[in-house]
Amino acid sequence: MSEKDIDALKKKYLRRRRWRHHRKLRITLLTILGCLVASYLVFVFSPIPIVTKWRTIYIETAMTTNSHKWLATMFIPHSIIDEVMSERDTQEADQKKLESTWDDDPEPVQTPVTEQEDTGKKTFFKKYWELDSDSFKDYLSSNSNLLDNGYAHITIDNLDNKAAIYTTKGDEILAVDAPNNTIIIGLRGDGYVGKLAIVKNIDQVSVQTSTHIGSYGETAGVYAKRYDAEVVINASAFRDVGGHGSGGTIRGACVLDGKETGTPENRFWKFAGVKNDGRMYISNYYSTDISDYRWGLEFYPALIVDGRNVVDGTYGMGIQPRTAIGQSESGDFMMLIVDGRQVGYSLGCTVSDCADVLARYNAYQATNLDGGSSAIMCYKGRQITKPSSVSSLGRYLPNALVVEKSR
């Protein structure tokens with residue numbers, strides 16, 4: 001056989017080899033494409049309950065963000081999106097009927113014992129009923145110096161979570177500051193991480209506004225430094241076109257000392273705030289005498305009203321970073337922040353998850369506030385949550401809920 005014939009056979013072999021390779025590649029690509037198309041069709045159109053649940057959550061999560069709605073609108077038919085989002089209308093109608101009454105009991109919340117009125121062990125554990133006594137006593141036995149000035153002056157910093165201290169509900173205790181009537185609880189749920197601050201004296205809680213309101217807001221850290229605050233979280237929503245708002249204009253009502261300083265929505269939003277009797281009330285802004293309020297904010301939805309959980313499922317808001325507040329019958333004020341939008345750390349949670357957490361710690365009234373990339377908490381000037389904003393310092397906020405140190 002000549003060299004020419006050998007070269008021809010080699011070329012023929014190489015052509016067949018390349019054809020077979022390309023054929024395998026085409027088959028692989030078509031198989032992958034077919035699987036993707038099948039998965040897409042199942043995800044978008046399947047009536048299977050588990051698929052329907054996660055499709056709904058996906059759509060709600062995308063559609064309740066300012067800048068990521070395209071994650072739903074680009075891939076899912078508008079008819080399906082509209083069907084999912086329309087289900088919130090019924091819940092909004094139910095929300096309009098909700099009004100806190102405290103069972104029409106006129107007795108005001110009593111301000112907790114402070115200073116050196118009672119430094120006893122019994123009073124301490126009654127006040128901080130959330131503490132698991134066994135794990136807490138074990139910790140005190142190894143740190144007896146904490147009792148040098150009595151139980152009323154115990155201060156514990158466990159933010160690094162090295163000590164095994166828990167609540168009666170099994171959550172982690174991250175800080176106890178008895179002189180300032182505050183405890184910080186670490187939360188870990190199904191796909192989320194959060195922090196819950198519980199303040200035993202409602203008189204320490206106020207809403208403070210940016211010194212540049214009307215132009216731009218300030219970060220939580222700035223509020224914390226200015227007021228030498230015990231705790232700071234974000235408060236009102238704000239005008240945020242395209243997710244790039246400066247936090248200069250409050251969205252929703254913001255009542256300070258009985259006067260309106262925001263821009264009431266008067267739609268399906270709920271008004272929530274603390275009256276002069278020291279109690280938190282949830283109502284409709286248009287039917288509320290705001291002159292009775294120390295402070296009040298407007299957002300949606302209400303979570304717990306007069307001890308009853310009033311949200312079901314996601315409320316059309318999907319899984320997001322969250323901010324929520326509440327108050328127990330005994331007057332304990334709760335501030336909840338859940339981190340989100342961070343794969344591998346915390347995706348966020350539903351509004352029902354927030355209601356469940358607050359109910360676990362005896363919330364009698366509770367409401368959701370603007371969360372998302374604004375959700376943040378600072379404790380003693382230290383940022384202890386991880387906001388999903390571009391800046392690690394969090395968004396510029398028009399106002400903040402501030403817990404001042406005990407006087």
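In which helix is Ser352 found?

Analyst: Ser352 is found in helix H9, residues 351-360. Helices here are DSSP runs of H or I with at least four residues, strands are runs of E with at least two, and both are numbered from the N terminus. The model is predicted, so local features need pLDDT of at least 70 and side-chain atom pairs count only at pLDDT 80 or more, while totals for chains, interfaces and linings use all residues. Residues are numbered from 1 along each chain as its sequence is written, and side-chain values use heavy atoms, with hydrogens and water left out.

Ser352 has a relative accessible area of 11%, so this residue is buried. Buried means under 20% relative accessible area, exposed means over 50%, and partly exposed is in between, with a 1.4 Å probe and protein chains only. Leaving aside residues up to four places away in sequence, Ser352 touches Val311, Asp312 and Gly313; a contact means heavy atoms within 4.5 Å. Ser352 is one of the buried residues of H9, which also include Val351, Cys354, Ala355, Val357 and Leu358. After H9 comes Asn362, with a positive phi near 70°.

The whole chain gives the setting. The protein chain has 9 helices and 21 strands. Of its 407 residues, 51% count as buried. Among contacts between residues at least 6 apart in sequence, 67% join residues at least 24 apart.

Arg407 gives a contrast in accessibility. Arg407 lies in the segment after strand E21 (399-403). Its relative accessibility is 79%, so Arg407 counts as exposed. Arg407 and Pro179 are 228 residues apart in sequence, and their C-alpha atoms are 9.4 Å apart in space.

Next come the aromatic rings. A search of the whole structure finds 16 aromatic pairs. Rings of Phe, Tyr and Trp (its six-membered ring) pair if their centres lie within 6.5 Å; planes under 30 degrees apart count as stacked, over 60 as edge-to-face and the rest as tilted. Phe124 and Phe125 have ring centres 5.4 Å apart and planes at 90°, so they form an edge-to-face pair. Both of these residues are buried. Phe125 also pairs with Phe136: the centres are 5.9 Å apart and the planes at 85°, so this pair is edge-to-face. Phe125 belongs to helix H6 (residues 121-127) and Phe136 to helix H7 (residues 133-142), so the pair ties together parts that are 11 residues apart in sequence. Phe136, like Phe125, is buried. Ring pairs link Phe124, Phe125, Phe136, Tyr128 and Tyr151 into a cluster.

The last topic is the second largest pocket. Its lining has 27 residues, with Lys53, Ile57, Glu60, Thr314 and Thr350 nearest its centre. On a 1 Å grid over the protein atoms alone, a cavity is a set of points where a 1.4 Å probe fits but cannot get out, whereas a pocket is an open set with protein on both sides within 12 Å along at least five of seven lines; lining residues have an atom within 4 Å of a point. Helix H2 (49-63), helix H4 (78-86) and helix H5 (88-96) each supply at least two residues of this lining. The largest share, 7 residues, comes from H2.
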